[in-house]
Amino acid sequence: MRAPGGVQVLREGELEKRSDSLFQLWKRKRGVLTADRLSLFPAGPGPGPGARPKELRFHCIAKVDCVERTGRYVYFTVVTTDRKEIDFRCAADSCWDAALTLALIDFQNRRALHDFRSRQERAAPAAAPEPRAACAP
């Protein structure tokens with residue numbers, strides 16, 4: 001699957017997000033998981049014209065915690081780098097928690113490899129000795 005911007009969609013479907021309001025109601029969302037973010041659209045058959053998703057980019061997510069499994073739902077929490085917790089639930093057979101966790105691990109591994117290679121490239125020119133002219137005795 002490909003999203004409109006040409007980005008490959010890893011998973012798409014329904015999940016519910018707990019609201020931050022006083023009553024903490026569960027709001028249905030249509031989630032679109034890609035290699036670098038989770039986009040949350042209002043529930044419905046598709047995004048309306050101009051519907052802007054709420055996005056959770058993986059560089060802002062520290063971890064995904066699976067909190068509880070009941071017969072009907074799996075409850076999980078996304079913890080951001082600024083320690084904010086966002087609660088979700090999904091149908092027990094939908095595996096949203098696993099898909100999100102695996103996508104986050106893949107993103108973190110790619111970022112770690114990129115950082116490692118960047119450090120090596122910066123260190124390589126400094127470590128290379130300059131050729132010196134031989135001195136005649």
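A residue counts as partly exposed when its relative accessible area falls between the buried class, under 20%, and the exposed class, over 50%. Asp 87, with a relative accessible area of 23%, is therefore partly exposed. The structure described here is a predicted model.

The chain contains 1 helix and 7 strands. Along the sequence these elements follow the pattern β-β-β-β-β-β-β-α. The chain has 137 residues, and buried residues make up 29% of them.

Salt bridges were searched for across the whole structure, and 10 were found. Side chains of opposite charge can pair when their charged atoms come close. One of the pairs joins Asp 87 to Arg 18, with an N to O distance of 3.4 Å. Asp 87 belongs to strand S7 and Arg 18 to strand S1, so this pair ties together parts that are 69 residues apart in sequence. Arg 18 is partly exposed, at 26% relative accessibility. Asp 87, at 23%, is also partly exposed.

The side chains of Glu 14 and Arg 28 meet at 3.4 Å, N to O. This pair links distant parts of the chain, with Glu 14 in strand S1 and Arg 28 in strand S2, 14 residues apart. Glu 14 has a relative accessible area of 45% and is partly exposed. Arg 28 is partly exposed, with a relative accessible area of 49%. The value for Arg 28 is under the 50% cut-off, so this residue does not count as exposed.

Glu 55 and Arg 57 form a further salt bridge, and their closest N and O atoms are 3.3 Å apart. Each of the two partners is partly exposed. Arg 57 has a relative accessible area of 35%, and the value for Glu 55 is 35%. The pair is also part of a network of salt bridges that links Asp 36, Arg 37, Glu 55 and Arg 57.

Rolling a probe the size of a water molecule over the atoms shows where empty space is left. The second largest pocket has a volume of about 210 Å³. Its lining consists of 13 residues, and the closest to the pocket centre are Lys 17, Arg 18, Asp 20, Lys 84 and Ile 86. By class, the lining has 8 charged, 3 nonpolar and 2 polar residues.

The loop between S1 and S2 holds several features of interest. Leu 22 is placed in this loop, and strand S2 spans residues 26-34. Leu 22 is exposed, with a relative accessible area of 77%. That value is over the 50% cut-off, so the residue falls in the exposed class. Together with Phe 23 and Leu 25, Leu 22 forms a nonpolar patch on the surface. The accessible area of these three residues together is about 420 Å².

Gln 24 is found in the loop between S1 and S2 as well. Its phi is positive, at about 50 degrees, although Gln 24 is not a glycine. At 41% relative accessibility, Gln 24 counts as partly exposed.

A positive phi is also found at Arg 83, near 65 degrees, again in a residue other than glycine. Arg 83 is placed in the loop between strand S6 (73-80) and S7. Arg 83 has a relative accessible area of 75% and is exposed. This value too is over 50%, so Arg 83 is not in the partly exposed class.

The segment before S1 includes Gln 8. Gln 8 is partly exposed, at 45% relative accessibility. Gln 8 and Leu 33 are 25 residues apart in sequence. In space, the two residues are 8.8 Å apart, C-alpha to C-alpha.

Methods
Residues are numbered from 1 along each chain as its sequence is written. This is a predicted model: local features need pLDDT of at least 70, side-chain atom pairs count only at pLDDT 80 or more; totals for chains, interfaces and linings use all residues. Side-chain values use heavy atoms; hydrogens and water are left out. On a 1 Å grid over the protein atoms alone, a cavity is a set of points where a 1.4 Å probe fits but cannot get out, and a pocket is an open set with protein on both sides within 12 Å along at least five of seven lines; lining residues have an atom within 4 Å of a point. Grid points are joined across faces, edges and corners, and a volume is the space filled by probe spheres set on the points. Ala, Val, Leu, Ile, Met, Phe, Trp, Tyr, Cys and Pro count as nonpolar, Asp, Glu, Lys and Arg as charged, and the others, Gly among them, as polar. Patches are made of residues with over 30% relative accessible area and no salt bridge: like charges are joined within 9 Å, nonpolar side chains (Val, Leu, Ile, Met, Phe, Trp, Tyr) within 5 Å. Accessible areas come from the Shrake-Rupley method with a 1.4 Å probe; for residues, only the protein chains shown count as cover. A salt bridge is a side-chain nitrogen of Lys or Arg within 4 Å of a carboxyl oxygen of Asp or Glu. Helices (H or I, at least four residues) and strands (E, at least two) are DSSP runs, numbered from the N terminus. Buried means under 20% relative accessible area, exposed over 50%, partly exposed in between (1.4 Å probe, protein chains only).
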